[in-house]
Amino acid sequence: MSTIAYQCPCCGAPLAYAFSECGRLRSITLPENLKALESNVFCACTGLTSIKIPKNVTAIWQTAFAYSGLRSIVVPDNVKTVDPKAFAGCKQIKEISLPKHISKNISKSEMPVTCKITWRK
């Protein structure tokens, strides 16, 4: 399995743990109407190295990407909440780009030590 286009027939939202521990997941196309990345949705998806977050997402919850294979990620400006543990254990991640308003909710000390945090204006 390399690419999945996932959309819930009701609301387009992935459920918590939907892809958790799916090491073979390489990429995914998320629906544009998605509002949040739920807890553990991509936890331990070690094959997932990048992802494009849709513009309607406003929250990334606890351990959404924990222990995944992400190498970098750009969190869009419309995201209002990023849980401090969203990227816990991401040893491959080198860079996270976040909107400045997120800095009130999260600190560098809560992010993976291996990565550069960029706070955008």
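Author: At 0% relative accessibility, Phe 42 is buried in this predicted model. Buried means under 20% relative accessible area, exposed over 50%, partly exposed in between (1.4 Å probe, protein chains only). Phe 19 is buried too, at 9%. Residues are numbered from 1 along each chain as its sequence is written. Local features need pLDDT of at least 70, side-chain atom pairs count only at pLDDT 80 or more, totals for chains, interfaces and linings use all residues, and side-chain values use heavy atoms, with hydrogens and water left out.

Reader: How many aromatic pairs does the whole structure hold, and how do I read one?

Author: A pair of aromatic rings is described by the distance of the centres and the angle of the planes. Rings of Phe, Tyr and Trp (its six-membered ring) pair if their centres lie within 6.5 Å; planes under 30 degrees apart count as stacked, over 60 as edge-to-face, the rest as tilted. The search finds three pairs. Phe 19 and Phe 42 are stacked, 5.5 Å centre to centre, with 5 degrees between the planes. Phe 65 and Phe 87 are stacked as well, at 5.6 Å and 5 degrees. Both Phe 65 and Phe 87 are buried. Phe 19, Phe 42, Phe 65 and Phe 87 form one aromatic cluster.

Reader: In what order do the three strands of the open sheet run?

Author: Strands of a sheet pair through backbone hydrogen bonds, either parallel or antiparallel. Here the order is S5-S7-S8, with parallel pairing. Strands are DSSP runs (E, at least two residues), numbered from the N terminus; two pair if DSSP finds at least two bridges between them. S5 and S7 (residues 95-99) share three bridges.

Methods. Helix = DSSP H or I, 4+ residues; strand = E, 2+ residues; numbered from the N terminus.
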